[in-house]
Amino acid sequence: MAEINLSFSVNDQKMEVSTEPTRTLLSVLRDDLKLKGAKEACGQGDCGACVVLLDGEAVNSCLVLAVQAEGSQVITVEGLASKGQLHPLQQNFIENWAFQCGYCTAGMLISSYALLMDNPNPNPEEIRAAIAGNLCRCTGYHEIIEAVGKTAADLQQPVLTSES
Amino acid sequence: MPEFDVVGKPLAAVGSQAIVTGKAVYSPDLELPNMLVGKLLYSPHASARIQKIDVSFARAVPGVHAVLTADDIPGENSYLYWYPDQPLLVSDQVRYQGDAVAAVAAESEEIAQAALEAIIVEYEPLEGIYDPEEAMQPGSIQVWPDKGNVQSHYVDHWGDIERGFVQADVIVEGTYSTHYEEHAMLETESAVAYLEPDGTVVVYASAQAPHRDRLQIARALGLPEAMVREITPHIGGAFGAKDEANIQIHAALLAFETGQPVRIVRTREESIRTHVKRHPARIRYRTGATKDGKLTAVHMIAIGDTGPYVNAGEEVMMVMANYGVSPYYVPHARSEAYTVLTNNPICGAFRGFGVPQVTFAFERQMDELARRLEMDPLEIRQLNGLKTGQRFQPKAIVRQGDGMQACLEKAAQLSDWHAREKISRQPAPHLRRGWGIAASFHKSGFGCDVTDHASAAVNMAPDGSVLVRTGAADMGQGAHTVVAQFVAERLGVSPSQVNVYKPDTTLAGDAGASVASRATFFSGNAVVRAAEPIRKVLLDLAAEETGADLDLIDLGDGFVHVEGERVNMPVSDLAGKAYEKNLPMQASGFYAMDYPDAELPDGSSGYEQLASFGAHVAQVLVDIETGQVEVEQIVAVHDVGQVVNPSGVRGQIEGAVSMAFGFTFMEELLVEGGKTLNNSLESYLIPTSFDTPDIKIGVVELHDPEAPLGAKGVGEPPINITPAAIANAVSDAIQAPVNQLPLAPDRILKAAQAVVEGGMDAS
């Protein structure tokens with residue numbers, strides 16, 4: 001099959017990929033760009049382990065063709081931390097034991113991140129809704145919902161920097 | 001309880017930084033140069049004779065490097081878990097839908113798939129046997145030509161049940177059934193295998209038992225175990241599904257054949273189709289009690305459909321018999337379990353290992369007894385709950401039984417049990433509220449007189465940092481976090497200074513499988529023992545350096561403490577000194593559980609057994625028009641001994657309750673003619689963020705003399721009790737017995753309807 005050239009941004013870096021048009025975004029991220037954070041746990045959009053941000057929207061990357069990302073901005077779990085600083089969501093996931101095996105975590109973090117971009121102050125029901133497409137088999141979800149709520153509260157606080 | 005620096009603190013889990021940044025490496029994430037994709041060809045039939053397998057076309061597909069059938073296996077063609085009954089690749093007769101007949105390795109997923117499609121297998125479909133009770137009948141179709149379908153009939157008994165039933169003022173009887181449950185761990189089975197230049201076969205596998213896997217892989221390859229190395233990287237959940245070696249053996253065979261690295265990752269469909277399930281059980285109980293509620297006799301018979309291959313299935317059924325009457329004291333008991341062979345999916349290890357099924361059934365009996373005797377369900381449990389020194393299995397008595405009463409009391413308190421009647425039972429004309437209580441008992445480890453031990457090694461570097469080598473797999477449950485906290489505690493360093501190396505059979509000793517709620521207890525004891533000689537060297541040096549009396553010295557926060565006061569002497573300095581002075585900074589520890597002798601009530605000899613008790617209360621609201629149930633709250637109380645990490649304990653309990661909620665209401669693997677019908681996460685539904693109930697947790701910290709720093713396992717106990725507590729609550733709400741899981745709306749409606757028509761006793 002003829003390959004096509006794609007150009008899109010992943011975690012604020014411009015990427016050029018040559019690929020067969022039938023491949024999924026998940027496959028290109030994992031196999032070509034070696035970003036292994038997003039997982040394939042069902043391959044058909046049932047579990048959310050492969051969720052990434054595509055132009056600000058949380059999508060199951062196993063259901064998106066790589067060609068659909070042409071010209072887009074993709075954010076994966078690898079892009080959440082900046083300059084070695086964890087994003088508050090990541091920090092709160094760690095502190096609140098919002099995972100056990102961690103296989104759902106990449107998708108869970110991105111779905112939560114997308115929620116907080118749209119709704120900086122979600123209530124627990126809104127958090128439940130935002131992660132309803134992300135299956136977790138280890139926790140009872142409560143730890144995750146709390147971690148997201150705590151992050152929202154943290155981000156509402158004025159940020160203290162060394163300059164201030 | 002002693003004071004600890006590190007143990008008991010809600011520290012972050014080992015590996016969590018890697019997990020949240022997407023850097024944690026799981027088996028499917030590994031990439032090696034020239035790596036091939038491995039795939040297996042599974043049988044389309046649950047029962048069929050193989051007439052011909054032709055792999056010549058498949059081998060000719062460009063990009064295919066190997067196509068293996070049974071003939072190509074250099075060692076033994078068997079998983080060899082307990083019995084040599086399940087072939088790695090079947091050549092003569094397939095006996096369930098998960099049987100594999102060929103394995104391929106190719107340059108891509110697509111080529112591997114094309115190769116599978118090019119394999120010609122001619123099957124002669126055979127009639128199979130798909131009902132366990134029918135399979136037990138003489139003259140039924142036999143799964144195996146040389147043995148009957150009843151694989152085992154295990155019986156635990158003591159006293160004289162006839163006498164016990166004569167002593168009873170009231171006898172209740174019931175038949176209960178449970179269904180297939182699928183683990184649905186997020187990461188399916190996966191492995192990468194490659195060869196070292198010296199011929200060692202290295203296998204990275206998502207596995208709960210690296211050392212047992214090594215044995216199985218070595219036998220299949222015909223190699224000594226020392227030439228096989230299994231490493232478990234990050235593991236994406238397991239819950240029993242990865243207890244038994246699976247495709248890591250095939251990956252090793254393909255790597256051995258091709259000389260190239262091979263990765264196999266099961267698809268979700270393949271995963272559900274192949275691995276063991278929770279046994280569907282049909283359970284019959286007869287329970288007798290005096291008019292004041294004291295149990296006099298229990299007779300339980302459980303039938304478990306294990307599929308065609310035994311694997312751990314027979315052990316699961318034995319455990320059902322073992323737990324048939326616990327957590328109550330019963331003077332006369334007979335607890336029987338049949339392991340039955342069929343052509344259905346294979347069953348084996350699944351969190352709880354047979355206990356959730358019998359607990360559901362027996363706790364329904366207890367509520368039925370309470371109802372007949374007009375007793376409070378809590379009271380009948382308090383009256384009969386096991387106490388220290390009482391027998392709960394033919395040869396076993398409870399070593400520390402205070403946990404039963406303590407858990408019941410705390411569960412009653414947290415659920416406001418005694419005030420429940422102040423809350424409306426009928427908040428709307430179509431709604432009925434109810435409460436259910438249930439209790440359970442679980443041990444850590446496999447039991448007396450079986451192979452069950454763990455080893456570990458600890459090494460403190462000259463800078464005071466610590467390397468721990470353990471063979472215990474951490475599938476997310478936190479085994480490595482527990483181990484790190486124990487070592488940090490005993491060596492007085494920060495947990496961030498402790499590096500727990502991923503289990504590697506070449507570097508670490510056998511710790512046994514991470515199953516049976518045993519990792520904290522067994523590997524915990526092993527690492528505490530391994531740390532001890534190092535601690536001794538550090539303390540001796542500290543005494544020498546400070547001039548203080550050895551008894552007054554302790555280690556903590558990275559420093560020496562004298563009489564509880566921190567002195568300016570870092571543990572890292574002592575480590576450096578130890579090396580200078582040629583003192584050993586490494587040691588290994590070994591632990592096998594002790595079962596001290598005990599005298600049984602009849603004068604015969606038995607043994608003491610560790611006990612972990614738990615009690616749950618469920619509050620539910622049932623819509624009697626639709627059969628829908630809202631679980632308003634689950635109170636879950638467990639005797640975990642010393643809490644090692646409160647966040648970890650919470651995670652284990654909440655996760656198990658959530659999984660049990662799924663088992664109780666929504667998870668049912670449908671099997672027809674030996675084939676599973678819902679092989680995806682779209683059709684096999686597990687709880688989502690909207691389903692999981694409100695959970696209130698309580699812990700009881702009772703000390704056991706053998707527990708490492710006082711800690712006991714809690715991986716399984718919570719899953720045993722929740723289905724029983726919910727079923728009792730639903731039954732209480734609709735005033736009708738619900739004796740069949742899952743609690744599907746139609747069953748609840750039917751049960752409620754029967755009461756409307758004939759009263760509760762009619763059912």
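How many residues of domain 1 of chain A are in contact with how many residues of domain 2 of chain A? Contact here means that the C-beta atoms of two residues, placed from the backbone, lie within 7 Å. By that test, 15 residues of domain 1 of chain A meet 13 residues of domain 2 of chain A.

Before you click on, some housekeeping. This is a predicted model, in which local features need pLDDT of at least 70 and side-chain atom pairs count only at pLDDT 80 or more, while totals for chains, interfaces and linings use all residues. Residues are numbered from 1 along each chain as its sequence is written, and chains are lettered from A and ligands numbered from 1 in the order in which they are written.

**Stop one: chain A**

Colour residues 4-79 of chain A as domain 1 and residues 88-156 as domain 2; such bounds come from an automatic or database domain assignment. The centres of these two domains of chain A, taken over C-alpha atoms, are 21 Å apart.

Now pick strand 3 (51-54) and strand 4 (57-60) of chain A, each of which supplies at least two residues of the side of domain 1 that touches domain 2 of chain A. Helices (H or I, at least four residues) and strands (E, at least two) are DSSP runs, numbered from the N terminus. Strand 3 of chain A gives the most to that side of domain 1, with three residues. By class, the side of domain 1 of chain A that touches domain 2 of chain A has 10 nonpolar, three polar and two charged residues. For these classes, Ala, Val, Leu, Ile, Met, Phe, Trp, Tyr, Cys and Pro count as nonpolar, Asp, Glu, Lys and Arg as charged, and the others, Gly among them, as polar.

**Stop two: where the chains meet**

Show both chains: 40 residues of chain A are in contact with 41 residues of chain B. On the chain A side, select helix 2 (88-95), helix 3 (105-118) and helix 5 (142-156), each giving at least two residues. Helix 2 of chain A gives the most, with four residues. The side of chain A that touches chain B has 22 nonpolar, 11 polar and seven charged residues.

**Stop three: chain B**

Along its principal axes, the C-alpha trace of chain B spans about 80 × 80 × 55 Å.

Give each domain of chain B its own colour: domain 1 is 31-126 + 189-265, domain 2 is 281-447 + 602-762, and domain 3 is 453-592. The centres of domain 1 and domain 3 of chain B, taken over C-alpha atoms, are 39 Å apart. Their contact takes 18 residues from domain 1 of chain B and 14 residues from domain 3 of chain B. Zoom in on helix 6 (210-221) and strand 11 (228-231) of chain B, the elements that give two or more residues to the domain 1 side. Helix 6 of chain B gives the most to that side, with four residues.

**Last stop: a contact list**

Which residues does Val104(B) touch, not counting residues up to four places away in sequence? Select Gly38(B), Lys39(B), Ala58(B), Val64(B), Ala66(B), Val67(B), Ala112(B), Ala115(B) and Leu116(B) to see them.
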